[in-house]
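This report describes one protein model. It covers a loop residue, a sheet with its helices, and a pocket.

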Amino acid sequence: IYLAGGCFWGTEHFFKQIDGVLETKVGFANGHTENPTYKEVCTDTTGFAETVYIKYDETKISLEFLLNMYFKAIDPVSVNKQGGDCGTQYRTGVYYTSEDQLPVIEKVFDQQQKELAEPIAVEVKALQNFYTAEEYHQDYLDKNPNGYCHLPLALFEFARKAKDNRTELFKALNYNLLALFTIRLIGSYYHLGISKPFQKIFFRKRFYIETETLYRSNVNFMS
């Protein structure tokens, strides 16, 4: 997913703190020139928005979670301004790469709008183009810990501690269902007269089942 949240130095650093984010790149999205430089984008004539590309582990965090975190790092009703930075390059935007992402985006926007008195000013568009910014912009706040940032330091600490509870719940349900399925499967072996399926079965230290042998010598079957 590609997210524009004002100055990309702070926006990238915010998302890098989240457990489950695998990779980030800062660059320029949805403009009308080719291979823009940072100086060109700063002229406010290229149509580009400072944007962060985010690759994430879907087994740890979801797009819905990322978008809700995104809303914590922006002023969603501000137009072409975040913090002290002004201009079209600092507009907010969610740029999707697949139509499959739209229902999740719309769901989050609907939920967030209910919390606001003014209309959300964040644009939602398909990604048209994205050019990676110069190397010195990448991981800028890692390279320059005291560098400029429009976001408060407390927000980075919040991001480090944030967890996608829905994903954690889904994992827990999967573990429980797997254990239940295995127990029933072992029970089926016993009903068939096939005793002692395994010596020990472990499920990520959550479940432990002790049994004996896979089959009797007088029972033949494909495993």
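Where is the place of T46? T46 is in the loop between helix 2 (38–41) and strand 3 (49–56); helices (H or I, at least four residues) and strands (E, at least two) are DSSP runs, numbered from the N terminus. The model is predicted: local features need pLDDT of at least 70 and side-chain atom pairs count only at pLDDT 80 or more, while totals for chains, interfaces and linings use all residues. Residues are numbered from 1 along each chain as its sequence is written, and side-chain values use heavy atoms, with hydrogens and water left out.

T46 counts as buried because its relative accessibility is 5%, where buried means under 20% relative accessible area, exposed over 50%, and partly exposed in between (1.4 Å probe, protein chains only). Neighbours within four places in sequence aside, T46 is in contact (heavy atoms within 4.5 Å) with G31, H32, T33, E40 and V41.

Helix 1 (residues 8–16) is mostly covered, with eight of its nine residues buried. These are F8, W9, G10, T11, E12, H13, F14 and F15.

Six strands form an open sheet in the order 7-6-1-3-2-8, with mixed pairing; two strands pair if DSSP finds at least two bridges between them. Strand 7 and strand 8 are the edge strands, each pairing on one side only. Neighbouring strands of this sheet are turned by 35 degrees against each other on average, direction ignored. Axes here are lines fitted to C-alpha atoms, for helices over the stretch in contact, and angles run from 0 to 180 degrees between N-to-C directions.

Strand 1 and strand 3 run antiparallel and are joined by two bridges. Y2 stands opposite Y53 in strand 3. Helix 4 packs on the sheet, touching strand 6 and strand 7, and its direction makes about 155 degrees with that of strand 6.

| Strand | Residues |
|---|---|
| Strand 1 | 2–5 |
| Strand 6 | 92–96 |
| Strand 7 | 123–126 |
| Strand 8 | 130–132 |

**Largest pocket**

The largest pocket holds about 160 Å³ of space. On a 1 Å grid over the protein atoms alone, a pocket is an open set of points where a 1.4 Å probe fits, with protein on both sides within 12 Å along at least five of seven lines; lining residues have an atom within 4 Å of a point. The lining consists of S62, E64, F65, N68, Q111, K163, D164, N165 and R166. Helix 3 (63–72) and helix 7 (165–191) each supply at least two lining residues, and helix 3 gives the largest share, three residues.

Conventions: Grid points are joined across faces, edges and corners, and a volume is the space filled by probe spheres set on the points.
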